[in-house]
Amino acid sequence: MAVSSTSASLSFGFVGLGNMGSMMSLNLANYAQKQGFPKVKLWNRSRGKAEQLAEQGFFEIADTLEALAKSCDIIHACLANDDVALSVYRQILSAAGTDLILVDHSTLYPSTSAVLSDEADRRGSSFLSCPVFGPPAVAKSAGLLVVISGRETSRAVVKKYITPVIGKTVIDCGDNTSKGALLKILGNSCILGTIELMSESFTLAEKTGFDAGLFYEFIQHWFPAPAWVNYGRKIRDGAFSGQTGFTLPGGMKDASYIRRLGAETSTPTPIIDQAWNHLTTAKAIGGESLDWSACAAGMRVTAGLPPFKGEDFSLDKK
């Protein structure tokens with residue numbers, strides 16, 4: 001059916017149930033149940049994750065992406081990378097009727113979002129770039145900063161519920177789908193740059209004998225923004241487990257996008273280049289399951305310190 005901003009009922013799907021997607025899908029399911037909508041349909045490459053999540057909320061599991069496409073008005077997705085996104089969305093679009101709205105929460109390269117938007121348009125559906133800012137804990141409380149871009153009529157439908165269901169604030173980047181993806185990359189450049197700067201500063205504090213707790217207290221008072229406070233705490237404590245955070249492969253993918261944008265526009269990205277080196281070192285020492293704040297471990301090694309000051313994440317530890 002055609003979806004409008006005044007539709008009485010909506011059927012939702014959700015694809016991609018990682019740390020972020022699982023939290024967002026639970027909030028979407030709570031909304032659907034309260035509104036008297038059908039259960040949110042889940043699909044994940046690993047069915048076990050979908051089954052586990054289905055026990056926690058107002059869900060049913062779709063056996064295939066094709067079945068999901070045929071039974072939903074709006075499908076949200078949070079996927080690992082561009083290749084996965086292209087594969088998943090093309091399978092959905094090949095099976096869907098017209099008027100399907102795809103809401104992408106992944107971090108995709110702007111040209112990939114543009115390609116998917118064009119392909120959706122040709123099939124009578126629409127693709128919205130809808131990346132989010134915030135860690136899983138913030139996603140759980142629906143406190144994310146949401147970016148949205150794409151077809152105006154579809155944006156109007158999604159903006160009716162995206163706050164407060166998924167996030168607390170929306171930045172509307174207009175009709176050009178690639179602009180939402182671009183803002184996500186620019187924002188992540190700021191976040192990764194902050195992690196790199198704090199990695200250097202905390203390392204310098206330790207090497208000069210200054211108390212890390214006092215330095216963190218300064219950060220809390222002078223830079224009371226989420227990225228500074230949350231990642232500063234992780235760097236202070238050496239708490240680099242990626243179990244509930246943003247892991248190194250995702251962080252390195254985003255860093256590569258920033259560097260690619262810089263290369264394509266002849267714009268130097270020296271801070272991100274340095275962060276890339278430290279992320280690479282951290283991955284080599286502790287593996288790819290670490291949070292991307294483990295950038296600090298790479299910096300510590302460069303300065304002649306042990307990589308980890310809290311839990312030892314070393315792959316070769318005895």
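The legends below describe close-up views of a predicted model.

Residues are numbered from 1 along each chain as its sequence is written. Local features need pLDDT of at least 70 and side-chain atom pairs count only at pLDDT 80 or more, while totals for chains, interfaces and linings use all residues; side-chain values use heavy atoms, with hydrogens and water left out.

One cavity of 30 Å³ or more is counted, and the largest cavity has a volume of about 70 Å³. On a 1 Å grid over the protein atoms alone, a cavity is a set of points where a 1.4 Å probe fits but cannot get out, and lining residues have an atom within 4 Å of a point. Grid points are joined across faces, edges and corners, and a volume is the space filled by probe spheres set on the points. The lining of the largest cavity consists of Ser199, Phe202, Thr203, Glu206, Ala212, Ile235, Gly238, Phe240, Ala296, Arg300, Pro307 and Lys309. Two or more of these residues come from each of helix 9 and helix 14 (295-302). Helices (H or I, at least four residues) and strands (E, at least two) are DSSP runs, numbered from the N terminus. Helix 9 gives the most to the lining, with four residues. By residue class, the lining divides into six nonpolar, three polar and three charged. Here Ala, Val, Leu, Ile, Met, Phe, Trp, Tyr, Cys and Pro count as nonpolar, Asp, Glu, Lys and Arg as charged, and the others, Gly among them, as polar.

**View B. The second largest pocket.**
The second largest pocket has a volume of about 340 Å³. A pocket is an open set of grid points with protein on both sides within 12 Å along at least five of seven lines. Its lining has 14 residues, of which Leu17, Gly18, Asn19, Ser22 and Met23 lie nearest the centre of the pocket. Helix 1 (19-35), helix 2 (47-54) and helix 6 (136-140) are the elements that give two or more residues to this lining. The largest share, four residues, comes from helix 1. The lining of this pocket is made up of five nonpolar, seven polar and two charged residues.

**View C. Serine 178 in helix 9.**
Serine 178 lies in helix 9 (residues 177-207). With a relative accessible area of 14%, serine 178 is buried. Buried means under 20% relative accessible area, exposed over 50%, and partly exposed in between (1.4 Å probe, protein chains only). Leaving aside residues up to four places away in sequence, serine 178 touches Pro110, Ser113 and Ala114; contact means heavy atoms within 4.5 Å.

**View D. Helix 12 and what covers it.**
Helix 12 (residues 248-264) has 17 residues and reaches 24 Å from its first C-alpha to its last, close to the 24 Å expected at 1.5 Å a residue. The expected span is 1.5 Å times one less than the number of residues. Among the buried residues of helix 12 are Leu248, Met252, Lys253, Asp254, Tyr257, Ile258 and Leu261. Their cover includes helix 4 (82-95), helix 9 and helix 13 (270-286). Just after helix 12, serine 266 takes a positive phi of about 55°.

**View E. Glycine 287 between helix 13 and helix 14.**
Glycine 287 lies in the loop between helix 13 and helix 14 and counts as buried at 10% relative accessibility. Beyond residues up to four places away in sequence, glycine 287 touches Leu248, Ala282 and Leu315. Glycine 287 and threonine 247 are 40 residues apart in sequence, with their C-alpha atoms 9.9 Å apart in space.

Most residues other than glycine have a negative phi, and most peptide bonds are trans. The peptide bond from threonine 163 to proline 164 is cis, with omega near 10°; proline 164 is in helix 8 (residues 162-165). Aspartate 99 has a positive phi, near 75°, and is found in the loop between helix 4 and strand 5 (101-104). Its relative accessible area of 33% makes aspartate 99 partly exposed. Alanine 142 has a positive phi near 55°, in the loop between helix 6 and strand 8 (144-148), and is buried at 14% relative accessibility.
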